Amino acid sequence: MTAEDVAAVDLLERKLFPIDAWPLQMFFDELAQVDTRRYVVAEVDGHIVAYAGLMCIEPIADIQTIAVVPEFEGKGIGSAILSELIAEARRRGAADVLLEVRADNPRAQSLYLRFGFEQIHVRPRYYRDGAAALIMRLTLTGGNPA
């Protein structure tokens, strides 16, 4: 992801996460922190259809956001960008990757479970609409997929 991508990502963010959308400036702020952040986009026919970001401060990496346009779900794009974030966490020396996922999003939970994430905690009322978040962890030792 580059600064030139932020306007398109922001439009998707507001469409995909109307209640919990990040402020536009947050994307610019995240991209500016190259020492601890990595953000990626996936494009189809020149249009961004997915984006994701990772923060890594050893020994922990945290997936900050991951989103795929609904019309492109089930095509392997989410898996591809998740793989890239995990690989980046490994390159940066992380021992674990953490993320929060909505308790009412079984499709995303299933993706994370396939990659070897395990649920380690629940944060009640984490999201603005009152939904709980499941905290999941992937330990990067022992040959988990990347």
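Q: What volume does the largest pocket have?
A: On a 1 Å grid over the protein atoms alone, a cavity is a set of points where a 1.4 Å probe fits but cannot get out, whereas a pocket is an open set with protein on both sides within 12 Å along at least five of seven lines. Points are joined across faces, edges and corners, and the volume is the space filled by probe spheres set on them. Here the largest pocket has a volume of about 1,100 Å³. The model is predicted: local features need pLDDT of at least 70 and side-chain atom pairs count only at pLDDT 80 or more, while totals for chains, interfaces and linings use all residues. Residues are numbered from 1 along each chain as its sequence is written, and side-chain values use heavy atoms, with hydrogens and water left out.

Q: Which residues and elements line the largest pocket?
A: A lining residue has an atom within 4 Å of a point. The lining comprises 37 residues, of which Phe17, Ile66, Ala67, Asn105 and Tyr112 lie nearest the centre of the pocket. Helices (H or I, at least four residues) and strands (E, at least two) are DSSP runs, numbered from the N terminus. Helix H1 (6-16), strand E3 (60-68), helix H3 (77-91), strand E4 (96-102) and helix H4 (106-114) each supply at least two lining residues; E3 gives the most, with six.

Q: Which residues have the most contacts inside the largest nonpolar core?
A: In soluble globular proteins, nonpolar side chains tend to be buried together. A nonpolar core is a set of buried Ala, Val, Leu, Ile, Met, Phe, Trp, Tyr and Cys residues joined through side-chain atoms within 4.5 Å; buried means under 20% relative accessible area, exposed over 50%, and partly exposed in between (1.4 Å probe, protein chains only). The largest such core has 42 residues, and Ile63, Leu82, Val97, Tyr112 and Phe117 have the most contacts inside it. Strand E2 (residues 47-57) gives the most to this core, with seven residues. Contact means heavy atoms within 4.5 Å. Leaving aside neighbours within four places in sequence, Leu82 is in contact with Ile63, Ile66, Leu111, Tyr112, Phe115 and Phe117.

Q: What span should H3 have, and which of its residues are buried?
A: The expected span of a helix is 1.5 Å times one less than its number of residues. The 15 residues of H3 should therefore span 21 Å, in agreement with the 21 Å between its end C-alpha atoms. Buried residues of H3 are Ile77, Gly78, Ile81, Leu82, Leu85, Ile86, Ala87, Glu88 and Ala89. Their cover includes strand E1 (37-44), E2, E3, E4, H4 and strand E6 (133-139).

Q: Where does the backbone have a cis peptide bond or a positive phi?
A: Most residues other than glycine have a negative phi, and most peptide bonds are trans. A cis peptide bond joins Glu58 and Pro59, with omega about 10°; Pro59 lies in the loop between E2 and E3. Asp45 has a positive phi of about 50° although it is not a glycine, and lies in the loop between E1 and E2. Phi is also positive, near 50°, at Arg125.
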